[in-house]
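Subject: Handing over a structure, with notes on what was found

Hello,

I am passing on the structure below, and I would be glad if you kept it open while you read the notes that follow it.

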Amino acid sequence: MKVINWKKEVEKRQEQIIAKTQEFLRINSVLDESTASEKQPFGAGINEALTHMLKTGEDYHFFVKNLDGYAGIIEYGKGEESVGILCHLDVVPVGEGWTTPPFSAAIRDGRIYARGAIDNKGPTMAAFFALAIVSELDLPLSKRVRMILGTDEESQWRCVDYYFKHEEMPTIGFAPDADFPIIHAEKGIADASLKWSYQVGQDSQNVTLSRFHAGERFNMVPDKAIATLIGDRVYLDKIEEAFRKHLLQNRHNGTATFEEQTLTLTYEGISAHGSTPEKGINAGIELATFLSEVDLQSEANDYLAFVVKNLLGDCSGKALGIATRDDVSGPLTVNAGLFSFDGKEASIGLNIRYPVTASGEQCLGTLQLTAKKHSATCIVLDHMEPNYVEADHSLIQTLQAVYERQTGEEATLLAIGGGTYARSLDTGVAFGPMFPGREDVAHQKDEYIDIDDLLKATAIYAEAIYELAK
């Protein structure tokens, strides 16, 4: 039996893999509703990324299919059963503060810097070239290998819904969109919005909060918050002075600007993925904490007090009454990703990740009761059940053997709060691309992928594809 040196096969194609990955990363594939249409449901940029990948698949003589702009298929091989590789082409908004333009795919110090480099366009290219290597070696397979290209993973997963309405469920599969070695448990995920409506009367306060806003997505820790205060200049001057002292004491960044009787405060935090809110600094919570010490109109005071009481320093949901944990996947986490207040209405958008053995319905029911106690309504906007594959399943056993051969390290099983396309499969896990000890830069400014890791992952995926489909 022929022994294949997968790493050498990748080395032969190294320049091509790097160049093609850069080319793909230069496409701005952020959701853009303003350019959405029937043929490009998530906007021009995402459609360009999908078209690009399908054209690349054609160039390598794979079967390709465009599912009306919602998803794409790149497939190789024959057989009744199939191995699914689930990737996504959309990326989160870029934010500010990048060293080089976020879609330049600049190479510095052995890394490719771009939005989507690690989440998930870089790994998509690693999986694609892994499939290309298997194809070019003309290895005998008994199953089809199907790359499923999603386009709405960072938003509402409408791509997945559309795919499974029109196409088959792979027999087994993996998503190259998380950590190595193997993630066999993914927490349940729910997006819920707490909403308040106010009947505003005559305001006699010296200062009022006219607007408070933070966050772009449920699944991102807000890295900027803005508050607009209106009132007597004497009082605004005191607030500005207190704000500057607050920033110095906490070693945080922000600005305060005046325009006549209006003071605008901007608070800078640190963004992080919604599954690990403890890794960021939530600008919305931080600014709300400062403002909670200011005497404002009653509606604003109540809103800010709720934030401080229920969210400050607590990512576990304890104050909200929903804290829980299990031995497989750990504790529930809460990310407050969206904040909005305009004096008439207010809201807080929560991204909740609950353990694989917990009841999502019970958790959300408790949250609705908590909201009611605080005169708010709780609207559940999205809810995905947990994903869990037992350790003795053949999929797990195969991927563990591949990882250990390629790296020489133990392939321990992991549980995460993140949500990958693996949960959309009947039997699927998340498999890489981030190696142990690497910094998680997904959703952050200056996102990157190490070129060595890109190539290493390609070799692992190539062997995994072959072992699963042979």
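Among contacts in the chain between residues at least 6 apart in sequence, 76% join residues that are at least 24 apart, where a contact means heavy atoms within 4.5 Å. Please keep in mind that this is a predicted model, in which local features need pLDDT of at least 70 and side-chain atom pairs count only at pLDDT 80 or more, while totals for chains, interfaces and linings use all residues. Residues are numbered from 1 along each chain as its sequence is written, and side-chain values use heavy atoms, with hydrogens and water left out.

The secondary structure of the chain comes to 11 helices and 24 strands; these are DSSP runs numbered from the N terminus, with helices being H or I over at least four residues and strands being E over at least two. Along its principal axes, the C-alpha trace spans about 85 × 45 × 45 Å.

Of the 470 residues in the chain, 59% are buried, a word that stands for under 20% relative accessible area, whereas exposed stands for over 50% and partly exposed for what lies in between (1.4 Å probe, protein chains only). The accessible surface of the chain comes to about 20100 Å², and 46% of it belongs to carbon and sulfur atoms; such areas come from the Shrake-Rupley method with a 1.4 Å probe, and for residues only the protein chains shown count as cover.

As for charge, the chain has 44 positive and 69 negative side chains, and the centres of the two sets lie 2 Å apart. Lys and Arg count as positive and Asp and Glu as negative, with His and the chain ends not counted, and the place of a charge is taken as NZ of Lys, CZ of Arg, CG of Asp or CD of Glu.

Which helix is largely enclosed by the rest of the structure? Helix α7 (residues 283-291) is, because nine of its nine residues are buried, among them E286, T289 and F290. What covers these buried residues includes the strands β11 (207-214), β12 (224-231), β14 (262-268) and β17 (333-341), together with the helices α6 (233-250) and α8 (298-311). In the loop between α7 and α8 lies Q297, which is buried with a relative accessible area of 7%. Although Q297 and V200 are 97 residues apart in sequence, their C-alpha atoms are 9.5 Å apart in space.

Turning to the cysteines, a disulfide is a covalent bond between the sulfur atoms of two cysteines. Here it is taken as a pair of cysteine sulfur atoms within 2.5 Å, and by this rule the count comes to zero. The closest cysteine sulfur to that of C159 is in C87, 12 Å away, which is too far for a bond, and C159 counts as buried at 1% relative accessibility. C315 is in no disulfide either, since the nearest cysteine sulfur, that of C363, is 15 Å away; C315 is partly exposed, with a relative accessible area of 28%.

Some backbone angles also deserve a look. Most residues other than glycine have a negative phi, and most peptide bonds are trans. The peptide bond from D119 to N120, however, is cis, with omega near 5°, and N120 sits in the loop between β5 (111-113) and α4 (121-136). Another cis peptide bond joins G432 and P433, with omega about 15°, and P433 belongs to strand β23 (residues 433-434). A positive phi, near 65°, is found at H61, which is in the loop between α3 (44-59) and β1 (63-67) and is exposed, with a relative accessible area of 74%. D68 also has a positive phi, near 55°; D68 lies in the loop between β1 and β2 (71-76) and is partly exposed at 44%.

Lastly, P331 is found in strand β16 (residues 330-331) and is partly exposed, with a relative accessible area of 33%. Leaving aside residues up to four places away in sequence, P331 touches K187, T324, R325, R353 and P355.

With best wishes
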